[in-house]
Amino acid sequence: MGQRLPRAKSRQPGGLDPGVSVPTASAARRGRGHVARALLSVGHALRERRHFTEADVAAYAAVSGDRNPVHLDDAVARELSGFQRGRVVHGMLVDSLFPSIIAARFPGAVYASQTLKFAAPVYVGDEVVARVQALHIRTTTADSTTASRYVVKFATKCFTDEEEGSLAIEGEAMAVLPTLELSSDSTTK
């Protein structure tokens, strides 16, 4: 039976959804002094919280070249574009949380594709919750000498409130993972 893991309360990427039963590494490994690690399975969700600052938006504008004034000028965002709360965070900056979650928990993962729908703006100063949830897992091997890799289809969603009721972005992503074992190594943001 799988180990029940609590939802991360910190700002660490890849927190686990509460109440999700996740299979763990084999009992044989546990018997040799190894700590059991959770394995990704269909339905498993990972989360990351992120607060977007003026500095984040300015840095992204500089790197990407996207200097649309709706991201950099409150008056333009309010008066010309109709964003009542002012400047909005670049959608692709918010979207970057999805591959960040996957890479933090599966080092060496290759993010292969992403579809997106921007449902609502994320404003400068907002904190969001990004979530990726495994929808389908397929094992692949090139030949008998190559290690298995896992092609995983994820549902991707980003919310602007802690209760996940205010959807900002939704879509799907495909990633190729070197393992289904969740890394316990993650960086704090």
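Aromatic pair and buried helix in a predicted model

Modeller: Y123 has a relative accessibility of 9% and therefore counts as buried (under 20% relative accessible area, with exposed over 50% and partly exposed in between, using a 1.4 Å probe and protein chains only). The model is predicted, so local features need pLDDT of at least 70 and side-chain atom pairs 80 or more, while totals for chains, interfaces and linings use all residues. Residues are numbered from 1 along each chain as its sequence is written, and side-chain values use heavy atoms, without hydrogens and water.

Colleague: Which residues form the aromatic pair, and is it stacked or edge-to-face?

Modeller: The structure holds 1 aromatic pair. Rings of Phe, Tyr and Trp (its six-membered ring) pair if their centres lie within 6.5 Å; planes under 30 degrees apart are stacked, over 60 edge-to-face and the rest tilted. With 6.4 Å centre to centre and 80 degrees between the planes, F83 and Y123 are edge-to-face.

Colleague: How many residues apart in sequence are the parts that the pair ties together?

Modeller: Helices (H or I, at least four residues) and strands (E, at least two) are DSSP runs, numbered from the N terminus. F83 lies in the loop between α4 (74-80) and α5 (91-95), and Y123 in the loop between β5 (110-118) and β6 (127-140), so the parts tied together are apart in sequence by 40 residues.

Colleague: How many of the 9 residues of helix α6 are buried?

Modeller: Among the buried residues of α6 are L97, F98 and R105. Helix α6 (residues 97-105) is largely enclosed by the rest of the structure, because the buried residues number 7 of the 9.
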